[in-house]
Amino acid sequence: MFEGKDTHFAAAAANGSVMLADFMVAPLRQTTEATWRERIAQLDLVPDLGENIGSVRWFRGLGTLTLLSVAALALLPDFGPIYGPQPSIATEAEFEEARAQMIMPIAYGSDSGKRMAATDAVVALAGSPERPRIELTASLGRGDSFARVLQRAGVGGNEANDVANMVSGVTSLSDIEPGTPINIVLGKRSAQNQPRPLESVAFRARFDLNLAINREGGALRLSRKPIIVDDTPLRIRGTVGSQGIYRSARAAGAPASAIQDYLKVISGRISLSAIRATDEFDIIVGYKRAETGEVKVGNLLYAGVDRDGKSPVQMLKWTNGDSSQWFEASGVGESKGALSRPVNGAVTSGFGGRRHPILGYMRMHSGLDFKASYGQPIFAVTDGVVAYAGRKGGYGNFVQLNHGGGLASGYGHMSRIAARAGSRVRRGQIIGYVGSTGLSTGPHLHYELYRNGRAVNPNSIKFTQRAQLGGSDLARFKGTLQRLKSVKAGAALAPLRAQPKSTDEPKREIDRLTLQVDRSRTNG
């Protein structure tokens, strides 16, 4: 009995000791948590980095800044393009199917629907009347075929090809301007499943030519109807005045595009600020007038300034060889300044002796190395002819241009060549792309300049190219200049003389019908 009491007392004592321990630990735990909170609250994680540089507090702030920067960069979104599926290029058949659904002007290549064969749901009529002839107008679209236009209008394939061949024998089909209306007359067909026979086609093939194809005696015959065209150039003269050349020339009737070209030409000869209000401008542009009333304004042909008390400016556009440029009245062409840079990049290695980065010994560096990335375009420094284009030893892919006067340039280490040997290139034209072929440690351009076959320092050359006419070319140039200057101002705007009409044609309608019957009998 005492043992039971002792056991119960021992259990109660043990339980009491545990509760006492919990009662003593709880305040200690709260005190520890409060201490850590105070320490964290007192911890300055974002101090001013401009104070106490090099201290523990400063390095703590630097660590916070680094962690925040890394987190911001890690969470930076990607702004790259999202590539979607690329549509496939339509085949010719698919394009013709889509043409019937295009919503665009017929002059730009659209179609006016598509003829479809009848289905089984269509009940054929026992007999239906049919128009004996159909008159319609088709329009030639941009990039369209002349024969295809006729076929879409209902002309049979063989007749459409015959008409196209007849027209191409007179003028090039590419000379027919887009949007040209084509008047077509179709006759009565012999069967429902046969195309209508072509009776006539009439259209304007060129500015100075009308063509008509008529069926005579069962065969198609082409007739040409020339149009009188006056090609007298339009000359516009006037005083500059206080408003300037542009406004004065516009007020005188000069086209805006011609004035812009005129200012570019004149500014290359003299400063526009040197032109005074009392000076006179002289503009001549190409101009064509047809007897039917249409007008075509061409390009600028002559640009001049008559300067009071100073030498005049007279510039004429002239084709010399395969290029056109502006020449002065004396036959001297445009001046082309210093050589342009072959690539957009800084010079990393100059002209002279250096230790070769691959071979390891001193040798002559006969050019300039330009810093450039792989695939960057390389430009011709001035006009020239491609003398060499291909692989050339340590130069790798190499191109050499001859510029005349004993001057030539070379371009090495190309990744790809974009010029062909024997071809002519212009200043600024792409002739290749930067690479690292041959003896090269990385992508760059090795550029050389030669005078009479000997490499020279490109920085020491001041190159100016100036064309000069002579002999028969100069004589023809002078003659053209004199002819243009002899044109009076506004002469192209005079009334155009009408084309004399033929007196052979009868005036009465009954006589015309009789003449047509006689002609048909004769042809038959």
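Start by selecting helix 8, where Phe477, Thr480, Leu481 and Leu484 are the buried residues (buried means under 20% relative accessible area, exposed over 50%, partly exposed in between, with a 1.4 Å probe and protein chains only). These residues cover an arc of only 100 degrees around the axis, so they sit on the same side of helix 8; the arc is that of the directions from the helix axis to the C-beta atoms. An α-helix has 3.6 residues a turn, so residues three or four places apart point the same way.

Before moving on, a word about what is on screen: this is a predicted model, in which local features need pLDDT of at least 70 and side-chain atom pairs count only at pLDDT 80 or more, while totals for chains, interfaces and linings use all residues. Residues are numbered from 1 along each chain as its sequence is written, and side-chain values use heavy atoms, with hydrogens and water left out.

Helices (H or I, at least four residues) and strands (E, at least two) are DSSP runs, numbered from the N terminus. What span would you expect for the 15 residues of helix 8 (residues 471-485) at 1.5 Å a residue? The expected span is 1.5 Å times one less than the number of residues. That gives 21 Å, and the end C-alpha atoms are 21 Å apart, which agrees.

**An aromatic stop**

A search of the whole structure finds 8 aromatic pairs (rings of Phe, Tyr and Trp, its six-membered ring, pair if their centres lie within 6.5 Å; planes under 30 degrees apart count as stacked, over 60 as edge-to-face and the rest as tilted). Tryptophan 318 and phenylalanine 477 form an edge-to-face pair, 5.6 Å centre to centre with 90 degrees between the planes. This pair links distant parts of the chain, with tryptophan 318 in strand 10 (residues 313-320) and phenylalanine 477 in helix 8, 159 residues apart. Both tryptophan 318 and phenylalanine 477 are buried.

**Salt bridges**

Next, show the charged side chains. The structure holds 15 salt bridges, each a side-chain nitrogen of Lys or Arg within 4 Å of a carboxyl oxygen of Asp or Glu. Select glutamate 159 and arginine 215, whose side chains meet in a salt bridge at 2.5 Å, N to O. Glutamate 159 lies in helix 5 (residues 157-168) and arginine 215 in strand 4 (residues 209-216), so the pair ties together parts that are 56 residues apart in sequence.

Now select arginine 289 and aspartate 230: buried or exposed? Both are buried, and their side chains meet in a salt bridge of 2.8 Å, N to O. The pair joins distant parts of the chain, from strand 8 (residues 280-290) for arginine 289 to strand 6 (residues 229-230) for aspartate 230, 59 residues apart. For a network, select Arg235, Arg237, Glu280, Asp282 and Asp306, which are joined by salt bridges that share partners.

**Helix 6**

Select helix 6 (residues 245-252), where Ile245, Ser248 and Ala249 are buried. Seen down the axis, the buried residues of helix 6 fall within an arc of 95 degrees, so they line one face of the helix. What covers these buried residues includes strand 7 (234-239), helix 7 (256-267) and strand 8; contact means heavy atoms within 4.5 Å. On the other side of helix 6, Arg247 and Ala251 are exposed. Just after helix 6, glycine 253 takes a positive phi of about 105 degrees.

Most residues other than glycine have a negative phi, and most peptide bonds are trans. Select asparagine 52, where phi is positive, near 50 degrees; asparagine 52 sits in the loop between helix 1 (2-42) and helix 2 (56-74). Then select histidine 413, with a positive phi near 65 degrees, in strand 20 (residues 407-417).

Finish at valine 425 in strand 21 (residues 424-425), which counts as buried at 2% relative accessibility. Not counting residues up to four places away in sequence, valine 425 touches Ala380, Asp383, Gly384, Val386, Leu401 and Ile431. The C-alpha atoms of valine 425 and alanine 380, 45 residues apart along the chain, are separated by 7.3 Å.
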